[in-house]
Amino acid sequence: MKEFDYAAPRTLSEALALLAENGERARVLAGGTDLIVQLREGRCDADLVVDVKRIPELNELAFDPAKGLFLGAAVPCYRIYENAEIAGRYPGLIDAVSMIGGIQIQSRASVGGNLCNASPAADTIPPLIVHRAVCVIAGPKGQREVPVEQFCVGPGKTILRAGEILVGLKIPVPPPRFGASYLRFIPRNEMDIAVAGAAVAVALNADKTRCEGARVALSAVAPTPLLVSEAGDVLINGPLNEKAMDQMAQTAQQAAKPIDDMRGTAEFRRHLVGVLTRRALRNALARAVES
Amino acid sequence: MRKIHVHAQINGLPTDFLCEPRQSLLEVLRDELRLTGAKEGCNNGNCGACNVLLDGRLVNACCVLAVEIEGRTVETVEGMATPQGLHPLQRCFMQDAALQCGICTPGFLVAAKALLDRFPHPSEQQVRHYLAGNLCRCTGYDKIVRAVMDAAESSS
Ligand SMILES: Cc1cc2nc3c(=O)[nH]c(=O)nc-3n(C[C@H](O)[C@H](O)[C@H](O)COP(=O)(O)OP(=O)(O)OC[C@H]3O[C@@H](n4cnc5c(N)ncnc54)[C@H](O)[C@@H]3O)c2cc1C
Ligand code: FES
Ligand code: FES
């Protein structure tokens, strides 16, 4: 591996100062499950690696019944799914953090790293989108907040500007009678990259017969994870029958812009979007009814 | 490149070493500390041959920088047996012939230990799920799964 220097700042301002000093030559390290492999394989390089795991804000995982969840960018997957208070409220996110890699990867991999790595197939991003997460970003000019669906702009590309750090995600308290689900297709049972993925979230009316809110998001079928607002909209306030579900799935299929590659053809991916959105909707509805 | 001094607890012993920031925990364990139990299979997080426990959590040592372990606790396969004898998992791996070439074995042992520390009586499905990040090219996994189940039973 090419040589680099290492720093583990204990405060956000120290980290920002290091990034400001070193510009493009510095890279942020969270769990390292993408970065260390990429540095080793020469797919990216750095003169300075800034380990952000000792910064309190980036390690915070706190649920507040009024404000919702604050998920620090460097919190590893296992801390999220082992927290019962969070697991019950954010089921779509839990689906994703419990399927990333294997146990070894989940000990280290963070949601912030998954987001900043900006893979089109990143598993946490569609559920974050349907849970309406907002990115909290700190930089030389202060803090800003950006909805998660606007964070990725292309494969490996995000809206982060030079010197900026993702501090964490704010995820609102889900509405009553809420359910969400994330599903992906991989050729194995575990340890693989999504050929396609779909997240669906629903909020039901008081007698649990109609959707008052619905959101659909996709992964691995476009240059970035995709929010398909129109697909959620077709479910709202209408009867939840087969016809509505088909319409939702078809709308999602139309929004997908898949490519052919070694994992699957565009045609297969489009087919998967139909299957996965329908199944994720069924799961989400079942969870909403139970909630 | 500047070498960094790191202090950590490794298999229960306070340990100091110097390393370059680019060196992985796996490289330091094997090349500097001569703890060659953890193996390099893929060097990219996919095979689990390098598994160790970091503060009790199962990690791939090839995906951790050695400088990151400052002040922390590492357990490797070398720490599993005691002067009194082998760990039940090690005994069951031998009894059940859960290894052939043995390259994957230290990783499986450490991963299985992490599993049993957390869930002393796992179902077969739990065992298979927990060990999904460990690859074996020889055994076909069945004997490994059986050895882990037997070890769980023998320590009950
Ligand atoms: C064996 C294996 C299996 C995997 N399986 C999956 C899978 O099933 N699904 C999946 O989606 N991914 C998978 N991955 C990829 C990876 O584990 C995830 O993307 C993970 O969430 C990355 O998080 P990390 O904390 O390890 O990030 P790191 O590797 O530390 O960082 C990733 C990138 O984000 C940047 N970054 C990190 N944190 C910040 C921050 N706070 N601010 C600004 N930039 C930041 C880094 O500079 C780097 O470019 C797998 C990887 C491996 C090795
Ligand atoms: S050598 Fe570390 S996972 Fe394969
Ligand atoms: S025994 Fe040879 S790889 Fe597992």
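Strands here are DSSP runs of E with at least two residues, and helices are runs of H or I with at least four, numbered from the N terminus. The model is a predicted one, in which local features need pLDDT of at least 70 and side-chain atom pairs count only at pLDDT 80 or more, while totals for chains, interfaces and linings use all residues. Residues are numbered from 1 along each chain as its sequence is written, chains are lettered from A and ligands numbered from 1 in the order in which they are written, and side-chain values use heavy atoms, without hydrogens and water.

S2(A) and S3(A) are joined in parallel by four bridges; two strands are said to pair if DSSP finds at least two bridges between them. On S1(A), A:Asp5 also faces A:Leu48 of S3(A), and three bridges connect S1(A) in the parallel sense with S3(A), residues 48–51.

Buried means under 20% relative accessible area, exposed over 50%, and partly exposed in between, with a 1.4 Å probe and protein chains only.

Next, the antiparallel strands of chain A. Strand S13(A), residues 211–219, has eight of its nine residues buried, so the rest of the structure largely encloses it. It runs antiparallel to S12(A), residues 196–204, and eight bridges join the two. Within this pairing, A:Gly197 has A:Ser219 of S13(A) as its bridge partner. Six residues separate S12(A) and S13(A) in their hairpin, where A:Lys208 takes a positive phi near 60°. S13(A) also pairs with S14(A), residues 226–227, over two antiparallel bridges, and A:Ala217 stands opposite A:Leu227 there. This second hairpin likewise has six residues between its strands, and A:Ala220 in the turn has a positive phi of about 65°.

Finally, the ligand. Which chains contribute to the surroundings of ligand 1? Residues from chains A and B surround it, so the site is shared between chains. There are 33 residues around ligand 1, of which A:Val28, A:Thr33, A:Asp34, A:Leu35 and A:Ser110 come nearest; a residue is near if one of its heavy atoms lies within 4 Å. By type, the shell divides into 16 nonpolar, eleven polar and six charged residues.

A polar backbone atom of A:Leu35 is 2.6 Å from an oxygen atom of ligand 1, and a polar side-chain atom of A:Asn114 lies 2.9 Å from an oxygen atom of the ligand. A polar side-chain atom of A:Asp123 is 2.7 Å from a nitrogen atom of ligand 1. On its own, ligand 1 has 990 Å² of accessible area, and the protein covers 92% of this, by the Shrake-Rupley method with a 1.4 Å probe. In chain A, S2 (26–29), H8 (111–117) and S10 (165–171) are the elements giving two or more residues to the shell. H8(A) provides the largest share, four residues.

Methods
Polar contact = N/O pair within 3.5 Å; in protein donor to acceptor, adjacent residues only side chain to side chain. Nonpolar A, V, L, I, M, F, W, Y, C, P; charged D, E, K, R; others polar.
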